[in-house]
Amino acid sequence: MRRLRLERQTRRSEERPGRRPARALASVAAATAVALTASGCVTVHGGTAVVPGATAEEAAAALTGFVTAFNRADKANDPALAARQVTGPLGAINQAGLKSRSVTQPGGNPDHRPLELRDARFLVPRKAGWPRWFVADTDANRDDGTAGKDNRWLVAFVRNGPDDTWKAAHLVITGRDGLPRFAEEQGDAVAVAAGTDALAVAPGALSGRYTAYLKDGGASPFAAGPHTSEWREKRARTAQRPGLATQFIDRAADSGDFAPLALRTEDGGALIFFASRHFERQTTAKGYRPKVGPDLKALMKGEVVNTVTKEWVSSQAVVVKPAGTERDAVAFAGRLQGVVAVEGS
């Protein structure tokens, strides 16, 4: 696995005109992307040769393009600048976040602070054919000078064909201690198939298992924490507010560029990126209206009479233990979610 530092590269790309931006984390969710045409250096004969999904140079260029795009889009609050550079759950969050802020802050982001991603390690699995993908494990300047903080930004890039560009599909922020040690073959990361039976939960089943757990609870492979048991408890409290009925619906999102991406770990488990969709419907008593802030109103279709429905997209990374593990088999390393649509009725 290849490591190189990109501080100078990143700063030069921030000054270069003509590239595209991307998303921010926090508030309504973010903006992000990659304005970059991949070089196409890798040739697969007949689509059967097993080769690394990207060269070190391609991966570094993709990450530099991502940072350039992130900063320009975040500064301008313009979704058009990032629309062709992101995909999957990150793309959905990115475009909605920028669209909202383009309405609430049409003159640009007054709080913009240029992002830097440094100390990059590229986790590039070998595979045949397309799509290809890799993960950039980086250090961001967002927690500089903050005691006890040492977060890593994990950006997963996908490319669907030799004529396609690398696009950012996932962004997850996690503590350094939350990252496992990754397995290697011939110096490269090892991908895990969606339908493998070597894990406690197969990557292809994770989104469905997660949304089923959020709905029904009960015995599950998920370790307790803010994204599992605590989230269910918070929802239960929300649903009991007097004068406001709240319903939750959760749906799997596991096809196309929302499909899970999994890397083998040294202990036989895996780090898996996967996505999900979540709906929250609030209905007030007759004569009252749910409160809708300006960030949500900017995304709203229809008119609020007594009901508002918010749709969230969630991108998460989990560490899954090998098959045969009975308890706490799936632990969350990080999760990012954002509102992507609002409907009033």
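**View 1. Ala341 in β15 is the bridge partner of Glu311.** In this predicted model, local features need pLDDT of at least 70 and side-chain atom pairs count only at pLDDT 80 or more, while totals for chains, interfaces and linings use all residues. Residues are numbered from 1 along each chain as its sequence is written, and side-chain values use heavy atoms, with hydrogens and water left out. The bridge between Glu311 and Ala341 belongs to the pairing of β14 with strand β15 (residues 330-344), which is antiparallel and runs over 13 bridges. Strands are DSSP runs of E with at least two residues, helices are runs of H or I with at least four, and both are numbered from the N terminus. Two strands pair if DSSP finds at least two bridges between them.

**View 2. Strand β14 with β12.** Strand β12 (residues 270-284) also pairs with β14 in the antiparallel sense, here over 14 bridges. Gln282 stands opposite Val308 in β14. Buried means under 20% relative accessible area, exposed means over 50%, and partly exposed lies in between (1.4 Å probe, protein chains only).

**View 3. Strand β13 beside β15.** Strand β13 (residues 300-302) and β15 run parallel and are joined by 3 bridges. Met300 stands opposite Val342 in β15.

View 4. Asp328 is a residue other than glycine, yet its phi is positive, near 50°. Most residues other than glycine have a negative phi, and most peptide bonds are trans. The relative accessibility of Asp328 is 39%, so this residue counts as partly exposed.

**View 5. The loop that holds Gln186, between β8 (184-185) and β9 (188-189).** Gln186 is not a glycine either, and its phi is positive at about 55°. With a relative accessible area of 69%, Gln186 is exposed.

**View 6. The cis peptide bond between Trp130 and Pro131.** Omega of this bond is about 0°. Pro131 sits in the loop that runs between β4 (126-127) and β5 (132-140).

**View 7. Helices α4 and α5 where they cross.** Two packed helices are described by the angle between their axes and the distance between the axes. The axes of α4 (residues 203-216) and α5 (residues 229-239) come within 9 Å and cross at roughly 40°. Axes are lines fitted to C-alpha atoms, for helices over the stretch in contact, and angles run from 0 to 180 degrees between N-to-C directions. The two helices, α4 and α5, are therefore oblique to each other (angles under 35 degrees count as roughly parallel, over 145 as roughly antiparallel, 65 to 115 as roughly perpendicular and the rest as oblique). Helix α4 supplies Tyr210, Tyr213, Leu214, Lys215 and Asp216 to the contact, and α5 supplies Ser229, Trp231, Arg232 and Arg235. Contact means heavy atoms within 4.5 Å.

**View 8. The buried residues of α5.** Ser229, Trp231, Arg235 and Thr238 are buried in α5. The buried residues of this helix pack against α4, β10 (244-253), β12 and β15.

**View 9. Pro290 in the loop between β12 and α6 (294-297).** Pro290 has 8% relative accessibility and therefore counts as buried. Neighbours within four places in sequence aside, Pro290 is in contact with Gln282, Thr284, Val304, Asn306, Thr307 and Val308. Pro290 and Val305 are 15 residues apart along the chain, and their C-alpha atoms are separated by 8.4 Å.

**View 10. Glu58 of helix α2 (residues 56-76).** Glu58 is buried, with a relative accessible area of 5%. From C-alpha to C-alpha, Glu58 and Trp166 are 9.0 Å apart in space, although 108 residues apart in sequence.

**View 11. The whole protein, for reference.** The secondary structure comes to 6 helices and 15 strands. Of the 345 residues, 52% are buried. Among contacts between residues at least 6 apart in sequence, 71% join residues at least 24 apart.
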